[in-house]
Amino acid sequence: MSMQPGYVTSTTRMRGYAPAADVSVAAPSPRRQSARPLPIAAPRDLRTEPGPIRFIIIALAVTFLSIFVVLPLVVVFAQAFSKGISAYLGALAEPEALAAIRLTLLVAAISVTLNLVFGVIAAWAISKFDFAGKTFLITLIDLPFSVSPVISGLVFVLLFGAQGFFGPWLQAHNVHILFAVPGIALATIFVTFPFVARALIPLMQEQGTLEEEAAISLGASGLQTFFRVTLPNIKWGLLYGVLLCNARAMGEFGAVSVVSGHIRGETNTMPLLVEILYNEYQFVSSFAIASLLAMLALITLVVKTILERRLDEGRVPDGD
């Protein structure tokens, strides 16, 4: 049975197909030929603002810093030297002041040393290995940031106090934790131990493990790899964490106030002595001790800025 040509043509057209002869290409319209691509506007720099707005923002920032940072520092030093340099030096030479300075330095040395060891070990474990409980460990490291220092001091009282969990055993063996240097050191360690670890974890995660793996493949031991490869790479971050840890240890008040007992000449650190002297209206002595803490804060700020620049210089830009 033969099909008629007309049937094929009409069926093809009904189905949406057309013979090659029927296909025609539409000529481009004159309007399309004359169209030009629209010019792309240059992206506006979002960091630039009109002059008055920038002036207002900068003035507000400078005013805020002047009122809440610069002015208190000026008042501290003005009050400390209000009766002359001799009164200032005499206040610092008092036995109570010297005892507070020695105790503060001792507690800071203990806290920084132990937190240095813990921070390096914790950062090494978190950044170089994958293990169960890794997220929980990071949460524990951040715990002192969310717990009030007074609450942390109270925890040590509940543990080592006379009516605490370990209290009867400590009394039976004549071991003194609270109202002594060990209790002050424990409270200070608790509130300061995140600083070194938190300074090292992102830095060591960014560096990865390639250099350590290469050193081990070449026959280096674990200690050689750490001291010759890892430590030189993290030295500025390590110093940065130690600096912040030391500043917090010397200025800690809440936790130390709970566990110290405020024994004059024995368990008073510099911040505690400042409060005691101020409450006794010994303003020159109080502000003299406070000026030492203020100078520590200024030195910490300067060294912190230098270390941050060192850390920025040590980072390799993307694409290099």
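Select Glu96, Arg264 and Glu280: a network of salt bridges links these residues. A salt bridge here is a side-chain nitrogen of Lys or Arg within 4 Å of a carboxyl oxygen of Asp or Glu. By this rule the model, which is predicted, has six salt bridges. Local features need pLDDT of at least 70 and side-chain atom pairs count only at pLDDT 80 or more, while totals for chains, interfaces and linings use all residues. Residues are numbered from 1 along each chain as its sequence is written, and side-chain values use heavy atoms, with hydrogens and water left out.

Next, select Glu212 and Lys128, whose closest N and O atoms are 3.4 Å apart in a salt bridge. Glu212 belongs to helix α11 (residues 210-217) and Lys128 to helix α5 (residues 95-128), so the pair ties together parts 84 residues apart in sequence. Helices are DSSP runs of H or I with at least four residues, numbered from the N terminus. Both Glu212 and Lys128 are buried, where buried means under 20% relative accessible area, exposed over 50% and partly exposed in between (1.4 Å probe, protein chains only).

Move to Asp130 and Lys134, a salt bridge with 3.2 Å between the closest N and O atoms. Asp130 counts as exposed, at 73% relative accessibility.

Last, pick Arg198 and Asp142, which meet in a salt bridge of 2.8 Å, N to O. Because Arg198 sits in helix α10 (residues 194-207) and Asp142 in helix α6 (residues 134-146), this pair ties together parts 56 residues apart in sequence. Arg198 is partly exposed at 32% relative accessible area, and Asp142 is partly exposed at 24%.

Methods: Helices (H or I, at least four residues) and strands (E, at least two) are DSSP runs, numbered from the N terminus.
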